[in-house]
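Me: I have a model open and would like to go through it with you. Shall we start with the strands?

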Amino acid sequence: MRGVHAEAVAPAIAIAALLAGCARGPAAGGSAPYVPRAREVTLTTVPLLVKEAQTPYPFLKADFAKGGVLEGKEVYAFSPSTVTVVQGDTIHFTFINPEDDLHSFVLPGFAVSLPGQTTTHATYVARTAGIYAFTCNIAAHLPMMWGQLLVLAPGAVAAGGGETGHP
Ligand SMILES: [Cu+2]
């Protein structure tokens, strides 16, 4: 009789412990908290509508001329132009600038010069959730050359989440 009683009590304790564990977990389904990680991110600076492109695109001659829609400007992009991480993550950036023009990568409190035909490495810690614009600060490349760093709040991803499959 005593043995039967003990067997009945043990599962009850286990269930209570499970319920308590769920109650302590984050709001999203009781999964474990997110653990910040390092992420490798490669960004390439890409020429789009630039002076050199006037041969294949003759319409650009008028655009770059005085009074044209691209007077004093050239259109470049960061590829990719959106980077998503989770608060606390460390980003190991690799910047590839394949052309002969200087670019830069600028976030609030973080600026990296990107010389032409050079690969540049830099590390950034995403300390605060939010949406941050990054730009190239070369005047002729603004306001077109920019992108967004999305830093998710830890509660937005489960412990096993946040795997982006970045190559
Ligand atoms: Cu630039």
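Me: Which residue stands opposite alanine 38 in S4?
Reply: Alanine 38 stands opposite threonine 90 in S4. Strands here are DSSP runs of E of at least two residues, and helices are runs of H or I of at least four residues, both numbered from the N terminus. The model is a predicted one, in which local features need pLDDT of at least 70 and side-chain atom pairs count only at pLDDT 80 or more, while totals for chains, interfaces and linings use all residues. Residue numbers start from 1 along each chain as its sequence is written.

Me: How many bridges join S1 to S4, and do they run parallel or antiparallel?
Reply: Strand S1 (residues 38–49) and strand S4 (residues 90–97) run parallel and are joined by seven bridges. Two strands count as paired if DSSP finds at least two bridges between them.

Me: In what order do the strands of that open sheet come?
Reply: The order is S2-S1-S4-S7, four strands with mixed pairing. Strand S2 (75–79) and strand S7 (118–125) are at the edges; each has a single partner strand, so one side of each lacks a neighbour in the sheet. On average, neighbouring strands of this sheet are turned by 25° against each other, direction ignored. The axes behind that angle are lines fitted to C-alpha atoms, for helices over the stretch in contact, and angles run from 0 to 180 degrees between N-to-C directions.

Me: And S9, what does it pair with?
Reply: Strand S3 (residues 82–86) pairs with strand S9 (residues 146–152) in the parallel sense over five bridges, and valine 85 stands opposite valine 151 there. Strand S8 (residues 130–135) pairs with S9 in the antiparallel sense over six bridges. Alanine 133 has glutamine 148 in S9 as its bridge partner.

Me: Moving to the core, which residues touch the most other members?
Reply: Val85 and Phe105 do, in the largest nonpolar core, which has 18 residues. Such a core is a set of buried Ala, Val, Leu, Ile, Met, Phe, Trp, Tyr and Cys residues joined through C-beta atoms within 7 Å. S2, S3 and S9 are the elements that give two or more residues to this core, and S3 gives the most, with three residues.

Me: What is phenylalanine 105 in contact with?
Reply: Apart from neighbours within four places in sequence, phenylalanine 105 is in contact with Phe95, Val112, Leu114, Phe134 and Cys136. Contact requires C-beta atoms, placed from the backbone, within 7 Å of each other.

Me: Is aspartate 100 buried or exposed?
Reply: Aspartate 100 counts as exposed because it has 9 C-beta neighbours inside 10 Å. The limits, for C-beta atoms placed from the backbone, are 20 or more others within 10 Å for buried, 12 or fewer for exposed, and partly exposed in between. Aspartate 100 is in the loop between S4 and strand S5 (103–107). Not counting residues up to four places away in sequence, aspartate 100 touches Gly116 and Gln117.

Me: Where does proline 80 lie?
Reply: Proline 80 is in the loop between S2 and S3 and counts as partly exposed, with 13 C-beta neighbours inside 10 Å.

Me: Where does pLDDT stay under 50?
Reply: That is the case over residues 1–28. pLDDT is the predictor's confidence in each residue, from 0 to 100. The protein averages 84, and 76% of the residues score at least 70. Where pLDDT is low, the predicted coordinates should not be read in detail.

Technical notes. Contact = placed C-beta atoms within 7 Å.
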